[in-house]
Structures are given as C-alpha cells and as structure tokens.
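Please look at the sequence and the structure below before reading on.

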Amino acid sequence: MQYKIVGEPMPAVICELESGESMITERGSMSWMSPNMEMKTNAGGVGKALGRLFSGESIFQNTYTANGAGMIAFASSFPGAIRVVEVTPDRPVITQKGSFLAAESGVELSVFFQKRFGAGLFGGEGFIMQKLTGSGLAFLEIDGSAVEYELQPGQSMIVDSGNLAMMDASCTMDVVTVKGVKNALFGGEGLFNTIVTGPGKIVVQTMPASGVAAAIIPYLPVDRK
C-alpha cells in the first residue's frame, strides 16, 4: 500500500492498493474511491463491536478490498492534520476517542480503559480511549496542528485536558490538580491537568474540537422564546 496526504486545513489520505489489499474504517470515512474497490460491513463479533461503541466509534466496521489495483481516499471531519502511525505487535498505540480514520487490515481497534480512575474521570477524554494493536499503518485525525515528543523513561509532560491526541502504550497517564486555589479558580485552565510519563512517543494537538465548541458557545444566538 502506498499513500499520500493532501489538502489543508481539511486533509485527506489517498491510498493506492495492490490487488487483494484491504483497508478498514470505523465510521464511513471513505470520501472517494476507484470502482473496483469492494466494501463489506461487519461487526466482527459482539465483544469487538461493543468495544468500538464504547471507544466512540460505530458498532460496524467497513472493509474495502481492491479487486485489482485500486485507490481509496479517507477525509478528516475537522480542520487539522492526519498523522500516520505504524502499529506493531510490540508497539500498540493509545488514542483519543474518535481519532481513528482508517488503517490497513492487519490493525485492530479496541477499547482501552484507563487503569487509574482519576485519569479516566478527569483526563479530558474520559475513562475510555482507543487502543490500536496488530500490525500495519493507521491514520489518525488530529485537531489543529500536531506536535510530537519522544519521552524518555521517567520523563513527563503536563498537557491541558483534551490536547493529548496519542501516546505509545508504554506511556502512563495520570491527572494532577492545579496547585493553588486562585490558580484553579481564576487561572482559566480548569482544575486538572493530564500528566503523561514515558518512555514512548506522544502527540499533542493544538486545537481540540471540544475547545473550539466551548469557545464559540458564548457567541451563539439565544432562543428567547
């Protein structure tokens, strides 16, 4: 499979497939494709289907297979970037809910529960995230621009809630309270921050969709009826 990412600020990834190669997507993200791409929809078993539902995706999964050399494109649903991650058996990846766009058929998407309750309850992306396992390339939607860091063992990064887009499964995630009553109440940054500790790579995003929604709410017209 060959691919290229095109377009800004609403990018798409165009994948060129050899005959018999397949791509999976969870929520109908296909934007255009050649006529020889065959689609099959399945749930993949009750356990996997419920896991995808809890992780913010559709119960059903679409598989597109090339009948001869074919082409298929997947477009993002929010202004930002598309990042490619290579998933291997010894390097699973954890992502925020709703970030999965598409992947090669060797990648599996499942639910990931935060081991620490505090991280799940206050971490900005909820108790449930997504876990990508198996083998192959996966394409992720990033809100705004993406910034990558490689954390060394024991090295930490404090991230505002919602800005953590992806981390290697080797990283750990916890939540810390903002120190100082004035800082917490009047600092404008909320009561909690997410702290991610290495080793592993993390990707932070500059414009989470939740932040954009919160910013425009005060400007929406109010129905006074």
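An open sheet of 4 strands, with antiparallel pairing, has the order S1-S2-S7-S4, where strands are DSSP runs (E) of at least two residues, numbered from the N terminus, and two strands pair if DSSP finds at least two bridges between them. At the edges are strand S1 (2–6) and strand S4 (30–33), each of which pairs on one side only. From one strand to the next the twist averages 20 degrees, with axes taken as lines fitted to C-alpha atoms and angles running from 0 to 180 degrees between N-to-C directions. Strand S2 (residues 12–17) and strand S7 (residues 70–75) run antiparallel and are joined by 6 bridges, and Glu16 stands opposite Met71 in S7.

This is a predicted model, in which local features need pLDDT of at least 70 and side-chain atom pairs count only at pLDDT 80 or more, while totals for chains, interfaces and linings use all residues. Residues are numbered from 1 along each chain as its sequence is written, and side-chain values use heavy atoms, leaving out hydrogens and water.

A search of the whole structure finds 2 aromatic pairs; rings of Phe, Tyr and Trp (its six-membered ring) pair if their centres lie within 6.5 Å, and planes under 30 degrees apart count as stacked, over 60 as edge-to-face and the rest as tilted.

| Aromatic pair | Centre to centre | Angle between planes | Type |
|---|---|---|---|
| Tyr3 and Phe139 | 5.3 Å | 75 degrees | edge-to-face |
| Tyr64 and Phe74 | 6.4 Å | 70 degrees | edge-to-face |

Because Tyr3 lies in strand S1 and Phe139 in strand S13 (residues 136–143), their pair ties together parts that are 136 residues apart in sequence. Tyr3 is partly exposed at 38% relative accessibility, whereas Phe139 is buried at 0%; buried means under 20% relative accessible area, exposed over 50%, and partly exposed in between (1.4 Å probe, protein chains only). Tyr64 and Phe74 are both buried, and since Tyr64 lies in strand S6 (residues 61–66) and Phe74 in strand S7, the pair ties together parts 10 residues apart in sequence.

How many disulfides does a search of the whole structure find? The search finds 0, a disulfide being a pair of cysteine sulfur atoms within 2.5 Å. Cys15 is buried, with a relative accessible area of 0%, and Cys171 also counts as buried, at 6% relative accessibility.

Turning to the whole chain, buried residues make up 41% of its 225 residues. Among contacts (heavy atoms within 4.5 Å) between residues at least 6 apart in sequence, 78% join residues at least 24 apart.
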